[in-house]
Amino acid sequence: MTDNEQLRHRIAQAHGLSPSLSRRLVGDTAGDLEADARALVTDLGLPRRASVPSSDAQGRRGEVIGNHAPITSREQLKTMTPEETVEAYRSGRLDGILGH
């Protein structure tokens, strides 16, 4: 996978788009890809995420950007909406707290 493909995949994932939709993102810069991902989410009528961090200078190469990190404390849970908590449970992000 090329660097551009990896960047498109990370940005698509951060916006809640599937890996197959990441191939549809168009742009020469991370900012262009972010804008295209937001437009695609809008065009498809998908729910927007509360806040999507820019991929510019975020983390180290290979780190997942977005809201996909495991929840490791009850304090983190207190900051989440009920919908975010359910999504975290369904995606396995609560497995550490739940002892799974």
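1. A crossing of two helices is left-handed if the near helix is turned anticlockwise from the far one by less than a right angle, and right-handed if clockwise. In the structure above, the crossing of H1 and H3 is right-handed. Helices (H or I, at least four residues) and strands (E, at least two) are DSSP runs, numbered from the N terminus.

2. This is a predicted model, in which local features need pLDDT of at least 70 and side-chain atom pairs count only at pLDDT 80 or more, while totals for chains, interfaces and linings use all residues. Residues are numbered from 1 along each chain as its sequence is written, and side-chain values use heavy atoms, with hydrogens and water left out.

3. The chain has six helices and zero strands. Read from the N terminus, the order of elements is α-α-α-α-α-α. Of its 100 residues, 23% count as buried (under 20% relative accessible area; exposed is over 50% and partly exposed in between, with a 1.4 Å probe and protein chains only).

4. Helix H1 covers residues 3-14 and helix H3 residues 30-44; their axes come within 10 Å and cross at roughly 40°. Axes are lines fitted to C-alpha atoms, for helices over the stretch in contact, and angles run from 0 to 180 degrees between N-to-C directions. H1 and H3 are therefore oblique to each other (under 35 degrees is roughly parallel, over 145 roughly antiparallel, 65 to 115 roughly perpendicular, and the rest oblique).

5. Contact means heavy atoms within 4.5 Å. By class, the contact of H1 with H3 has five nonpolar, no polar and two charged residues (Ala, Val, Leu, Ile, Met, Phe, Trp, Tyr, Cys and Pro are nonpolar, Asp, Glu, Lys and Arg charged, and the others, Gly among them, polar).

6. The largest nonpolar core has 11 residues, among them Leu7, Ile11, Leu33 and Ala37. Such a core is a set of buried Ala, Val, Leu, Ile, Met, Phe, Trp, Tyr and Cys residues joined through side-chain atoms within 4.5 Å. H3 gives the most to this core, with five residues.

7. Leaving aside neighbours within four places in sequence, Ala37 is in contact with Ile11, His15, Leu17 and Leu25. Ala35 also lies in helix H3, but counts as partly exposed at 37% relative accessibility. The C-alpha atoms of Ala35 and Leu25 are separated by 9.2 Å, the two residues being 10 apart along the chain.
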